[in-house]
Each structure stands twice: as C-alpha cells, then as structure tokens.
Amino acid sequence: MSYSVDTTVVGVAESDEIGVVPDKSTIQLQGEATLNALADAGLQLSDVDGLFTAGFRPPEVAEYLGIQPHYFDGTHVGGSSFVVHLGHAAAAISLGRIDVALIVGGESGRSRIGQPASWGSSAQGMAGQFETPYGLPDALGGYAMACARHMHQYGTSSEQLAEIAVAARKWAALNPRAYKRDPLTVEDVLASPMISWPFRRLDCCLVTDAAGAVVLTSFDRARDLKQKPVRLLGWGEGHDHQIISQAPDLTSGPGRISGPDAFAMAGVRHEDIDVAQVYDSFTYTVLTSLEDIGFCKKGEGGDFVSGGRIAPGGDFPLNTSGGGLSYTHPGMFGIFPIIECVRQLRGDFVDQGPRQVEGAKLGLVHGTGGRLSATGTAILAVD
Amino acid sequence: MTDYLKPLPKFDPVTAPFWESLRRGKAEVQCCDDCKSFVFYPRALCPSCGSRNLVWTPVSGKGQIYSLTIVTPGRGPGAFKSDSPYVVALVELEEGCRMMSNIVDVAANPEDVKIGMSVEIVYDRVTEDITLPKFRPVTPVKPKGSRRGFAMAIMALGSIAISFAGVLVRSIEDADSWQINFYRALSHITAIMLILILQYRGKTLSRIRGVGRPGILGGLMLAGAGISYLQSITHTTVANTLFLLSAIPFFTALLAWLVVNERLRRKTLITMLVAAAGVAVILADGFGIGSAYGNLMGLLAALCFSGFAVIVRKYRDVEMMPTLVVSSVIILFVSLAARYNDLVISPKDVLLCFIWGAILAGFANWVFIIASRYLIAAEATLFMMLEFSLGPIWVWMFIGEIPTEMTVIGGIMVIGAVAWHSLLQLQTVKRGTVTVDPVPPVQVVKANGTTEANF
C-alpha cells in the first residue's frame, strides 16, 4: 500500500432530528442528513458524483435525492459499511473518477417507517438452516456468545464491560444530541436485567431513528470549501465470517486485519491517536475491537478500559459522542463514529469545555458489522 | 406435528444429506478427502483447502461446549419465548468442526451449563421431516433438584395458605367489602414494602417509581381484579368466585390472541371450549338463582387478571412486587373514596383483614415470585388450580357453605380443563430444559401469563 491519498472529509451531519422520530421515514432521514452534510461542506446536491450507501441500494437513494452519480458503491457489510465506504470513496477520488463522494446511511430503526427491504436470512440460507432453528436472539445472542468465550478464556468481567457503558454515558452527558444522558454507575449496569447471558440490558446499544452523511473530496478542492479539511490518512477492511457459528475464533474479529492495515497505510502508531471512535453495538464490541486493532494485547481489553481511562478526562478519549450505547444507534451505526471523529478533529466543540478533546489532531474510526463479521478502520487527521 | 411453531431449516441439495442423517438418528458430517478436515456447514468445496472431494462421514456426536448464551425468561425470538430460559451454544465436535445447537437436559443457568462441558448429541425429532441436533451433558448435571423441590414445596404452602382467604372473608363479622378492601390493601402494602425495603434498601422508592406505564397499567388491572374479586365473593359462594377465576389461563390466551396477536394452539382451543362451557354452566345457574351479580364480578376479576397477564407479556419486564404496591395503593384510594367517613370496624375484623393482606397474600405473593423462577409455567398453573379447588372445600368444611350442584359441575369442567392442559404441556416440555432463571438481578414475572392469581 504505497500510493498517496489526498482525500479529505469536508462535510458531516446527522438528520435534522435523531432519537425518536416517529414521523419520518428512513429515506427521508437520509435525505435530511445528506442536505445537512452538503451544507456543512458548502456544496450542492448537484456536486455529488459518487454515491456510497448500504441498506437501500444506491439507485434507490440516488433516485430519491435526484442525483445521477457516475460512481456507485453499495457494499453492505453491516454497520461497518460506511467506514469501509470511506476507503472506497478515497480510492475513487484518488483515481480521479469522482470529485465529490457522498456516504449516507441510517434508518428509522425505532419507529420502523420505510425500512429497506429485509436483508435477513431465508430458511434455506446458511443462518436459516444452521442457526435460526435454535432460537439465537439475533445479533444480541451472537455477540453474547463471543463475549462468554472471551470471559472464559481471559477472565474478562461484567464490571469491566460495565465501565464501557458508564464511560459512554459520561460522554453523552456532555452531548445535547445524545439520547440517554442521565447518570449511570457500574452498579446500575450490573443491576439491569440479564437478557442474553452474559449480556445485561445496559450492555446493549440503543435503538433509535437517525441518519448521517459524510462528504469527501480531494484536498485541492477542499481548500476552497467552508470547513477545515480532515485528511483520510489510511484505511483497512477485514472479513472473518458471516454467521457467528462460522467464526474461526470467537474472541477476536476482523479488526485484526483492518486495524493494522489502516495504521500501516497512515504511517502512524497507536500511541499517536488522540481520539478514537470504536463501534459499540454492545459493550463487548468495544473491548474486543480495541484488542484486535492493537491498542492492547488480546485478553487485556478489560484492564485497558477500566479506571475511567476511556471516560471524559481519561487518557484515551473513546466514543466521545456517547456512542451507540448512549448517543444514538439506529441499526447500522457506522456513519456516526465518522461524523464524531471529524467534528473532534475540526475542533467543532472548542467552546463546549470537556466535550472537545483538547488538541485532537489524529483520530481513529472503527466499524464492526454483522456478528463481528466485517470491519472497517480509518485514520483521520488535521494538519 | 403442525404444532411446531419455531423456524425450521429448509434443506438445499448440498445440505440435505446432513438433515437426512439426523432423521436416521446417525449424524454425518462432510470430511475433506484431501486435507482430512471436517467441514460444517456442508459445502461444495472445502473451506480449508479448496478441494471438491468432500465425503459424508459418520461422527461420534460427542463434543464440548465452545461457547454459549442463555436466553432469559420472556425473551428469545417468536415462539422461543415460551421455552425461555434456554441455552444456545456452539458445540465443537470431537472431529473438530463446530455447530450451533441447544443444550438440553440441564438447567439453563450459567452455574450448571458451562463452556468446556462435554456434551453428546440427542436427536430432537421436531417434525416428520426435520430432526434437529441437540446436545446434552455427557455426565448428567444434577439439576438444582433441591431448589426445584424447595420451590414446589413453598409453592404448595403458598397455594394452601391463600386458599383460606374464602374462610377468612366468611369469618368477617360486620365490615363491608369497601372496608375490607381498605384494611386489606393497607396491610398488603405494609407487607410488600417491608420485603422491598429489605431487598432494595435505599433504592426502594426508585424501584417503585421505575414501574412506568406498564406498571401503572398492570397495577390498574390488578386493582380491578382485587376489587371485583371481593365484590364477587361477598355476593355469591366462594366456589362460584374461585371456579370462575380458574378460567384465567384461557382468558389470558384469548386476550393475548386478540391484543398481542399470539397464536392460539388447537390443543388450547379445545380445552378452552370445555372451560368456557364450565363457565357458562356456572353463569347460567347463577342467573337462575339470583346470584348473577356475584358471578359477573367473578368473571370481571378473571378478565382483569388476564389483562394484567397480557400486559406482562407485552412489556416483558413488569416488576411484580412494585406493581403489587401500585395496585394496592389504587385499591386503598378507591375504598377510601367509598368509605372515608366510615372506617371504624371491629378489632376482630381489622385483625382478619391484616391476616389476609399481610400474612396470607403477602406471603403467597412473595413465595410465588420466588418459586416461579424455578418452575415452568404449566407447573405454576397447576398450583394455582390447587388454590381454586381447596378454597371451596375449606368454606364447606369450616363455614358450611355449600355451592349448587351446577356450580360444582361447572367448576370441575374448568379446573379439569386447565389441569389437563397443563399436564399436556408438561409432557411436551423436555425435562430440564426450562428451569432456572440465570442470575436474576431483578424479579421478573414469568412472561407467559400464568402469573399467580391471588388476592
């Protein structure tokens, strides 16, 4: 991976409202996010010539937006899709095939209005034949099984997982757009009902209505735009399995592929990262991802996240919006970690005290899709 | 066999031999003729080396639990809810490949079923065509027999205790139903609060505030049930009231079908018709002899209670104890509104109301909640029938209250139908697959609608 990339993120935004939005459909939320992100960049719908989306097929989104992109990418690897799209968009921009890439995603996950056609399994699919008949509660059960194995193998504890939920809530308390902002303690998490052992309710993400969009262009073009450009220094993507019963090793995921690839391409080291946004569909998702990416050794994630280290004021600011656990999580969360990372690097929150990670220059975004199946890692920077 | 409501696998040409081997009761898995690795799920190529030479090979059916999750009561997709708690596991076969399955014949509890445990295949013939591979511990795990036995014992004690409520009402001298309601609710609140404070200490009030809309709705339903129950029992025989209440499981099934679109099974429908006929006999008899009001109130009590059970199903984690507090507070205020200027009753009546509200109902509710964690729904229903059968016997023995012949016939029809249905259910539930709630931090009513009815 030696080619130079000059791609930058120039606009990011959520839909007008996020949380419980019972009067808006999925595509409408995506439309709002698109317009808001373009406005953030100082661009128009007509400037978009590359479309990257997952959930709906690209032509569905293009039709709704009224654009005629000449580059599509509908790569759908679950919640990590949008992080993966970052790299794909950068490749298309670097090749000179497009000028302005739009990545858009999100859904009416809670109100379930106008959801994309189901991409779930059929009775004859591999999940339908070899998992569904046993009553595994969907993503929840798959991640719970992975977590149980991690606990068995490395002694990871419920208290350590709870630290992740508590830190997310502390960040959310600083974010007016976060869905859950009331104080939370480790004891509260441990007292929440067990739903699929070893997961308790507060180990699980929210289910909300929300969409987000990210606009990219070349560094040259970005110089004339409104926002401080955020460079995409490196990216990686990785796959491991699709259904959880096929996971070669339940205690690790494809972050062990995408993480190192992203770091190698960016030419930076783990200790250089100022702020990290790591997909948190479940508390455990964060813990195993941090190990896979290489912030700590396999099995040491529990210690890594403990002692308030990832909370506001800690030395490893993580999921500074409140994440999927406390800020928002419509179903596929991956667009939102990108948005938050870009805002932190631009210094959008400088007048909001601890909400802004002081002097953040280098950020990491990591998305996890499916059942720890496919990941995307990206490293972003401001000069 | 059409009663199997859970998702079934649909074979394809490559996977069919696997499913057929299970149907024969001798599991086969593909083995790669080139790299000798076992391949699961079945494929057209070996994912380890790319070879097409995969040979169907018998496997021992023995292996170890690689990982697992335990789906807690009231959860799980669709029809699996009624099995919860249950274990979903990844089993690593001796031959080296892994498959998802359920672990059966063991309590669904993280203390009893563990990663690394040796398991062996059991063939679960769920339909004519499909046999699912399930696994059980090679060395039987001694089920929490003592706990189950203990649960059964306290459940029986609780049922017997609360079955004396009828005798108690008949022993009250002058107090009218609103005055009884007032003192009974007051003592019930006291008892439940005491238990809650012991359990939650400083967090008691926030627990009660935390019941939310489902708790308020549930509390309203329970209050309605409690008030109409007393109206019923003071206007007709104890037998009439209790026999009508016995139909609760069927009202619940019916309401769940109407309100939350739960499927009605054919077996349930048939026994339900018998029970309905029993209810009709009691009601018709009541109209004939002028105790229609008492009977209708009994019916209303049963409906309200079923409404509560459906709310529990819809919202899943309704916390029972705080909801009982809500309902008793409602009863307290309603009876206060009815008799605010006339609350003086004889000390003996006050004492009886306190025995009922605090000791009988308080104790019964508490043990039922504890026991429901270890017993399955059908068993709990059977204990409920014990209460409804014993009640009329006690008033006959101690008070000399004799129900009409038709009431007894109707009662036998209802209780018989419920008991028969529960026994059938017990037969179909595999032993040991449904017992213990894994580390329940919060008491949750079994979300299958057979929550105990006791007032």
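In the predicted model, helix α7(B) passes α9(B) in a left-handed crossing. The two helices, α7 (residues 238–245) and α9 (residues 266–289) of chain B, pack at an angle of about 150°, and their axes are 10 Å apart. On the α7(B) side the contact is formed by N240(B), F243(B) and L244(B), and on the α9(B) side by V279(B), I282(B) and G286(B). Classified by side chain, the residues of this contact comprise four nonpolar and two polar, with no charged residue. Helix α7(B) is largely enclosed by the rest of the structure, because eight of its eight residues are buried. These are V238(B), A239(B), N240(B), T241(B), L242(B), F243(B), L244(B) and L245(B).

Elsewhere in chain B, F135(B) belongs to strand β8, which spans residues 131–137. F135(B) has 28 other C-beta atoms within 10 Å; the cut-off for a buried residue is 20 or more, so F135(B) is buried. Once neighbours within four places in sequence are set aside, the contacts of F135(B) are V91(B), S101(B), I103(B), V119(B), E120(B), I121(B) and V122(B). For V106(B), which is 29 residues away from F135(B) along the chain, the C-alpha separation from F135(B) is 10.0 Å.

In chain A, strand β2 (residues 50–53) is covered on both faces. G50(A) and F52(A) lie on one side and L51(A) and T53(A) on the other, and all of them are buried. Strand β2(A) pairs with β4(A) (residues 101–108) in the parallel sense through four bridges. Within β4(A), I103(A) is the bridge partner of F52(A). A parallel pairing over two bridges also links β2(A) to β3(A), residues 72–73. In β3(A), the residue opposite F52(A) is D73(A).

Residue I103(A) also figures in the largest nonpolar core, which contains 162 residues. Together with V214(A), V215(A), I338(A) and L380(A), I103(A) touches the most other members of that core. Leaving out residues up to four places away in sequence, I103(A) touches F52(A), F82(A), H85(A), L86(A), A89(A), A213(A), V214(A) and I335(A). In soluble globular proteins, nonpolar side chains tend to be buried together.

The contact between the chains draws 38 residues from chain B and 28 residues from chain A. Strands β4 (62–71), β5 (86–93) and β6 (98–102) of chain B each provide at least two residues of the side that touches chain A. Of the elements of chain B, β4(B) gives the most to this side, with six residues. By class, the side of chain B that touches chain A consists of 24 nonpolar, seven polar and seven charged residues. Strand pairing also crosses between the chains: β5(A), residues 194–197, is joined to β4(B) by two bridges, and the two strands run antiparallel. In this pairing, V71(B) of β4(B) is the bridge partner of S196(A).

Conventions: Residues are numbered from 1 along each chain as its sequence is written. Chains are lettered from A and ligands numbered from 1 in the order in which they are written. This is a predicted model: local features need pLDDT of at least 70, side-chain atom pairs count only at pLDDT 80 or more; totals for chains, interfaces and linings use all residues. A residue is buried if 20 or more other C-beta atoms lie within 10 Å of its own, exposed if 12 or fewer, and partly exposed in between; C-beta atoms are placed from the backbone. Two residues are in contact if their C-beta atoms, placed from the backbone, lie within 7 Å. Ala, Val, Leu, Ile, Met, Phe, Trp, Tyr, Cys and Pro count as nonpolar, Asp, Glu, Lys and Arg as charged, and the others, Gly among them, as polar. Two strands pair if DSSP finds at least two bridges between them. A nonpolar core is a set of buried Ala, Val, Leu, Ile, Met, Phe, Trp, Tyr and Cys residues joined through C-beta atoms within 7 Å. Axes are lines fitted to C-alpha atoms, for helices over the stretch in contact, and angles run from 0 to 180 degrees between N-to-C directions. A crossing is left-handed if the near helix is turned anticlockwise from the far one by less than a right angle, and right-handed if clockwise.
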